[in-house]
Every structure is written in C-alpha cells, then in structure tokens.
Amino acid sequence: MTGILAWLGTAQALVQVEFWHIFSDAPRRQWMLDRAAEFHRLHPEIKVTPVSYANYPQTFQALATAARTGTAPALVQISEAGTQLAIDSTLFRPLPAAAGRQVQDMLPSVLNYYRVGGQLYGLPFNTSSPVLYANTSLLRKAGITADHLPDTLEALTTTCATLKRTARSVDCLTFPVDAWYFEQWAAQQGALWVDGGNGRQGRATQTFLTSEAVARPLRWLGQMKRSGYYVNTGKLEDNTGVTQLFLSGRVAFLMTSSSRIGQVLSGSKAKNFTVQVGQMPVPQGSPRQGLVVGGSSLWIPREIAPEKAKAAQAFALYLTSTANLASWHRISGYDPLRRSSLELLQRQGWFRVGEAHTVAVEQFRRTRSTPATAGALFGSFYEVRAVLHAAIERVLGGAEVGASLRVAKARADEIIRAYNARL
C-alpha cells in the first residue's frame, strides 16, 4: 500500500470503491465488511463498499449488465471457471506488472492458473479443494472405526454398505450435483478436460466428457444412488444445502469444499457431534496427480477511471496480504495462498498433524504440476458445467452412463464451437 497517497493525491474527494463478492453467509460477509472498514481507517481517502451476490455466474452476469450501462464496480470476484470468459469479454484490464511482483510468494500453481498469455489478470484470493467430512460420532454408534477415512470411491462404497447393515435409518453420503467434483476426479487421474492442452496451448474445440476418467466416477455415483447410499437436496451446485443436511446429524459423510471447514466444525460442535476431515476419495488406482485450482480471483473492470482502479488494486493487495490471507483461512478454510501466510499460521500453532485444516492444505500442496492439474481454460466453461449437471441428474434417475455422457459431449462441443465462432 506504500505510495497510495502519491497515486491519489491528498487534496481530493473520497474515492469510492464498490467491491462485488459471492460470500452472502454471515461470517464471511462480516469478514469482508471488517476488512473494508479497516482499510478505510488505514487509508481515509478510500471508501470500499462490499456487495454480496449469490454465486459466481450471477455476479458475472450482473457485471456484464453494469458494464453496458457504465455502472460497473471497481473490483469484482470471478471464479476460476470464468477466467477465459472474463478475458474474452474485454471488460477487464490485466494487472500491472508491479502488482504481480507483490504476490510472488503465492503458490505457483495458483498464479499460473490466472496468468494467461504472460499476463496476470485476476489477483488470486480464495482457493479450495474437495475434502471428505465424516460424522465420527455417528460412525462409532454404528460400530465403524473412523481411524482411517475412506480415500477411494470403492472404499467409501464398502463403508456405506457396512453402515446400511448396522444403521438402516442413517444416510451414508451427500455431496451436490456439481461438475466441479468430476473435473477434480479427471485431474486426479491425469486426464484433460478439453483439448488444446486443456485450452492452455490453443483454443479448446471439444471436451473429453466421454473419457473413462469422467465415466468411472459417474458409474460409481449411479451405483451409490441405486444402493441407497447417496442423497442430495435436489438442487444443483447446492454446497450450502448438503452442508446443512450433514449438520443435521443424519448423514455419515459429506464431500464438499474445504472452504466449508469452519462452518462444519462450528455447526457440528453446536449439534454435539464430532467431525474428522480426510482427503477427497478417488477411483482406486488413480495416480493422485492432484487438484485443480478451485475458487476465485479479483478483477478490475477496464472502464474504471485510473484513480479508482488504483484504489481498487490497493484494496485487492491489502485483502490478499499475508495477515489477511491467514485470517481468511482461519475463518473459512480456504487455502492460505501465500507461503508467508502459511508460515504465519505455523508460528501461531495453527497447523497440527491430522487436524481438519491441515488435511485440506496438505492435499492441495501435494498437487503435481501437470497439464491436467493446470485446469481447463475456455470461455464457455459455465455452460458446459450445466450440460454435465444435466447428465449427472439423468444418471441419478437411472439412465445409462455411456449414453448420457455421449449426449453431454455432443451438446458441450456444440456450445464450444458456437462460442469460438463469436470471437
């Protein structure tokens, strides 16, 4: 933040920075409000107003509408899946090289995701990965030891079968209908999501939705549903709903984002049951190459006046400072993206072997740098996710996996071709 007064001058009106984010739950929304207030105390010449939206696609759509009317915010949170779309939209400016140099101690895999054509567009803020939460109180009552949580899909099935024999009224597993988990399973197996080197060596022209890396976990999920081991809320991408379902105390396992760790631990304590966190279960024999960046970065719209853009950049750098990323991790479970944030948390005695936050962070940091774990980059990502969501729902309803994925691939490839044709 040094030099900000030189940027803005000392004898001018208050610079107003509207910041759009997707954290509408009370703890994380309040954290944002607190950081904005703290930043204003440090820099009285800048006033940041955080505004929360329901989800990433809704935020992007609102931004596109606002940009057409000249009312875009100065800073906006965009998910990893929206990266290429945001660049192609020409609505945003890349970050100055000087800003990039201030975040060089962030994880290379995270920085590389948002660096396109040598330019860093979004400033990484929150990154999470799927983890497995277990209600160990419920498992013990059913006579199941929770010393080692299932780390493969097959082991999870076996545990669910045992649970159903000993506790028929208990549901075994919940997680949302969400393409994100299948993207992670594909990466863990070393498989690309789209061609063009996952869209990073050239424009993606087709998906690999019919690959065995996608079909295998989808067959598993269909079987889990038929066996009565799997339940969900009936809503798409409903991480909030399945988390509440798990916190009801009637479901043994929850698979969702590590960003829910704080909510799950506090919720389970209030309901008087214990929780253990394990790594994401994968198909047996998977090489476990690692996880794709999941989360978001902070972007500055191109139309914003230079004075306001510099103020927005200053706030973004403040939000992603060593201390704030450590604080954000503690309240949310998102990965502390800076090495300095991790070191700060270690000095504070935060990370201990086997603890929930430790499991999630170690899982992400074991990721190997491969084309698969680099993550897909293409402009119609949101639409293709919706296509896969429909295929997952068909399979849960009893449809055959191969046929469902062939239909999904044909539709997804058509969407990609149409998107590329508009460029």
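This is a predicted model: local features need pLDDT of at least 70, side-chain atom pairs count only at pLDDT 80 or more; totals for chains, interfaces and linings use all residues.

Trainee: What makes the pair formed by Thr320 and Leu317 a polar contact?

Mentor: A polar atom of the Thr320 side chain lies 3.3 Å from the backbone oxygen of Leu317. The limit is 3.5 Å, so the pair qualifies.

Trainee: And where is Thr320, and why is it called buried?

Mentor: Thr320 is in the loop between α14 and α15. Buried means under 20% relative accessible area; Thr320 has 0%, so the label holds. Beyond its neighbours within four places in sequence, Thr320 is in contact with Met106, Leu123, Pro124, Phe125, Leu298, Leu325 and Arg338.

Trainee: How do you know that the span of helix α11 agrees with its residue count?

Mentor: Helix α11 has 15 residues, 212-226, and at 1.5 Å a residue it should span 21 Å. The expected span uses one less than the number of residues. The end C-alpha atoms of α11 are 21 Å apart, so the two agree.

Trainee: Which residues of α11 are buried, and what do they pack against?

Mentor: The buried set is Ala213, Val214, Ala215, Pro217, Leu218, Trp220, Leu221, Gly222 and Met224. Their packing partners are α8, β9, α9, β10, α18 and α19. Just after α11, Gly228 has a positive phi of about 80°.

Trainee: What about α2: how far does it reach, and which of its residues are buried?

Mentor: Helix α2, residues 26-42, reaches 24 Å from first C-alpha to last, close to the expected 24 Å. Arg28, Trp31, Met32, Arg35, Ala36 and Phe39 are its buried residues.

Trainee: Why do you put those on the same side of α2?

Mentor: They cover an arc of only 135° around the axis, which places them on the same side of α2. They pack against β1, β2, β7, α14 and α15.

Trainee: Zooming out, how many helices and strands does the protein have, and why is it called as compact as a globular protein of its length?

Mentor: There are 19 helices and 13 strands.

Methods: Residues are numbered from 1 along each chain as its sequence is written. Side-chain values use heavy atoms; hydrogens and water are left out. Helices (H or I, at least four residues) and strands (E, at least two) are DSSP runs, numbered from the N terminus. Buried means under 20% relative accessible area, exposed over 50%, partly exposed in between (1.4 Å probe, protein chains only). Contact means heavy atoms within 4.5 Å. The arc is that of the directions from the helix axis to the C-beta atoms. A polar contact is a pair of N or O atoms within 3.5 Å; within protein, one must be able to donate a hydrogen and the other to accept it, and residues adjacent in sequence count only if both atoms are side-chain atoms.
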